[in-house]
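Subject: Structure handover

Hello,

The structure is pasted below, followed by notes on what was found in it. Please read the notes with the coordinates open.

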Amino acid sequence: MVELFVYGIVLGSIISLGAIGLTLIYGILRFANFAHGDLMTAGAYVALFMVTGPFSWLGIPDHTFGALSFGWRMLLALPVSMVAVGGLGLLFDRIVFRKLRLKGSGVVILAMASLGASFIIRMLVLILWGADYRFYRPGLLRPALELPLGVKIRPDQILILLMVSFLVSVLHLFLQKTKMGKAMRATADNMDLARISGIDTERVIIWTWMIGGALAAAGGILYGIDVQLHAGMGWNFLLPLFAAAILGTIGNMYGALVGGLVIGVAQQVSTAFLLPTYKPAVAFMIMILILIIRPQGIFGGSHS
Amino acid sequence: MILNIEDITAGYSEVDILHQVNLQVRVGEIVSIIGPNGAGKSTLLKTIFGLLQPRQGKVILNDEDITGLRPEKIVRKGISYVPQVDNVFPSMTIQENLEMGAFIRTDDYRHRLDQIYDLFPILRERRKHKVGQLSGGQRQMVAMGRALMLDPQVLLLDEPSAGLAPLLVSHIFEQIREINVTGVAIVIVEQNAQEALKMAHHGYVLAMGRKVLDDTGDALLENEEVGRLYLGG
Amino acid sequence: MELSGILAYLVSLAVMAGIYAVFCLGLNIQWGYTGLFNIGIAGFFCVGAYTTALITTPKPTGLYAQYVQQVIGLDLPFIVGILGAALVCGVIAFLIGIPTLKLREDYLAIATIGIAETIRLIFNNEHALANGPRGLMGLPQPLQGLVDPRHYNYIYLTIVVIIMVVIYLLSERAIRSPWGRVLRAIREDEISAAMSGKDIFKFKMQSLVFGSMIMGIGGALYAHYTKAISPDVFTPLYGTFIIWVMLMAGGSGNNKGAILGAYSIWGIWIGTKFLTNLLPVTLKARAPYIRFLLIGILLEIILIYRPKGLLGEEKKVSKFLD
């Protein structure tokens, strides 16, 4: 059970990365991005491309760092992929979502457009890489470390926790201390008032997509490092992402962090009683429960 | 004269709310706009601030035609606007709300921040509190403070006393007078016609989207018709 | 290619398009008329197909039972299967509606995705229910013995078209009734509709249930056409997404649009198959993905440039209004 809990935290931290991005986009654009899971997929595969393609051609060394399952190539691929997927999200916004926003399209049309985007991204991945499962480093043995209290955890997974903590801390500082970060919080609170105050809300929207996409990419890569890559990996995350964001109160970044951990642990612990393939269903059940019992989430006030 | 509204006709979608409205604001004046609900008072403020495009007419600020400019541009020209509702950033602190007010300033605005805190001392005390937790009166102060951070020449206030307890209403009007003393011209739309006219240098009565009366604040207070129709409550 | 071959091919296309048209008619009631954002169509597709399968096939006995597990096998006729599918889907829609219909539109959407996924997972994992991932085969076809098996599809096409037309007529009647007017009022402005004293929840529930029952019938028609079903048929792609594209293309809020959209998009879908046949061999394996990519791009284009679809919404809905 302890192992399940520990792995639940690892998985949950990956879910948090996606949920934070999802909730940021929702908070600022009031838009449920059904393509967010597939942005995670895109991130994982862009990293795969970089590691097996350009970085290989550039002659960047391939050895792994000690007990970890990756090396310099992945270390460099991570930021590259984050920027690329941030750009991908922004591209979809420019080409599709923004046009619909300016037309005054309703919530549903926008959500449908993001559903379409999710399929487009997934099909592109399938066209370029096929439907087989992929690994960043096939055939590598990855033994677990034994820690006190009977906790077993792989070195990769420790790094995942560190990386997520790092990214979340950076985001926190950005939102609290920088001018653009505060502008993002203001826009999420009240976009009209932000405009009235002279804040360039278009720039805020650009930053939002870049950050949301980047975090999703990181989540996808970390999952790929820990488990595997396949074209449907992001879609399988969609329910947990939404569950986490809603649980933590939609629009609340810190809530999404907590929500992600809760969902991750719940999903892992559920494997003690249910088949692992039911994990998305577990996330879904929790989401339905929250929507019935406390739709405003853990951190929501009594207002809707 | 710093703000001149000429023959404005404006409305939402097909229907015109305002019909050929004229209004002038002189430097340092308080201009109060009163009238029944639905007269178009708020619509007039929105049109001045560029939230609404007029079908006809002009908005002229210091001899510059600013008709139809977007709010982001107008706020940079020296007009600030305080909406009636949703006029603060609730999840941010008082200090952060004021900082957002100063967002487009490129200079060191701490001096201005101090001035605003001098005007609203209780805000200084509670500046690290989230605005969503404040009372209505304090929120209104934050709303006005945010708008003042840019040192505007003209401040547009949409029903600042709406929803406030009677005790706070006179307090708010006191503060509006104090703001005006510092040299800011104020255009105030109000349901509370009595108080609005008492402090006004000039008053306008709007009904059915048209200007029906236009006189000094004192003259309007003494006007029988105005008294009967609008000052009863 | 000889004429009878081409004709047979066209008939099979028309059958599939007709089945999808039934789904579109069901979705049109939920989305087109009531504004319910149901992305869980695949779930009702799945339940409808499996219900009729379990009703119309016999329970495996003897040696056969070692290979195929079914929780029930009633071996009843096709018509019972169809009605059973509609009924079960209606019940499930009712149960789903209770917690979800009060939600905001985009929350309702994610809830419906979850439901469809959960349904598919259950059918995939619970082998005792309906044979898990291997699925069920050997579904009977109505009026089987009447003609030469080579010409059977003509009969099935007739059945599908009859059912489609009946549903179309019933739906048209319903929309023009006072009930239908309330649905449209809910879609236009839920708050005003609520203020006029209508029990919004009840109307939404009725819309959800009737729409889902129609989808159940569609699922059943599919099952008897292909004679074999398995959980991987009912994916978000084939079971939900393509139906949405069809309705948006044809014109949501318009039953004729629903049918037109189904036939048009299915035609385009089949058309892309011929296009991808021209691809070099290396890309051929990826052909289905390329085709779906095109459909996805088509949806985005429709949403941006012609969200009303080909036919747009019906302007005149009641003969009492002008």
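Predicted model: local features only at pLDDT ≥ 70, side-chain atom pairs only at ≥ 80, totals over all residues.

Residues are numbered from 1 along each chain as its sequence is written, and chains are lettered from A and ligands numbered from 1 in the order in which they are written.

Chain B

The C-alpha trace of chain B spans about 45 × 35 × 30 Å along its principal axes. Its secondary structure comes to 10 helices and 10 strands; these are DSSP runs numbered from the N terminus, helices being H or I with at least four residues and strands E with at least two. Of the 233 residues of chain B, 43% count as buried. Buried means 20 or more other C-beta atoms within 10 Å of the residue's own, exposed means 12 or fewer, and partly exposed lies in between, with C-beta atoms placed from the backbone. Among contacts in chain B between residues at least 6 apart in sequence, 68% join residues at least 24 apart. Two residues are in contact if their C-beta atoms, placed from the backbone, lie within 7 Å.

Strand 9 (residues 202-207) of chain B has five of its six residues buried, so the rest of the structure largely encloses it. Strand 9 of chain B runs parallel to strand 3 (residues 30-34) of chain B, joined by four bridges, and S32(B) stands opposite G203(B) there. Strands count as paired if DSSP finds at least two bridges between them. With strand 10 (residues 210-216) of chain B, strand 9 of chain B runs antiparallel through six bridges, and A207(B) stands opposite R210(B). The hairpin of strands 9 and 10 of chain B has two residues between the strands, and M208(B) takes a positive phi near 50 degrees in that hairpin.

Chain A

Helix 9 (residues 201-226) of chain A has 26 residues and reaches 37 Å from its first C-alpha to its last, close to the 38 Å expected. The expected span is 1.5 Å times one less than the number of residues. Of the 26 residues of helix 9 of chain A, 20 are buried. L162(A), in helix 6 (residues 155-177) of chain A, counts as exposed because it has 11 C-beta neighbours inside 10 Å. The C-alpha atoms of L162(A) and S13(A) are separated by 9.8 Å, although the residues are 149 apart along the chain.

Interfaces

Two pairs of chains are in contact, and chains A and C share the most contacts. That contact takes 31 residues from chain C and 30 from chain A. Helix 4 of chain C gives the largest share of the chain C side, 12 residues. That side divides into 22 nonpolar, four polar and five charged residues. Ala, Val, Leu, Ile, Met, Phe, Trp, Tyr, Cys and Pro count as nonpolar, Asp, Glu, Lys and Arg as charged, and the others, Gly among them, as polar.

Between chains A and B, 13 residues of chain A are in contact with 18 residues of chain B. Helix 7 of chain A gives the most to the chain A side, with five residues. Chains B and C do not touch, and their nearest C-alpha atoms are 18 Å apart.

Regards
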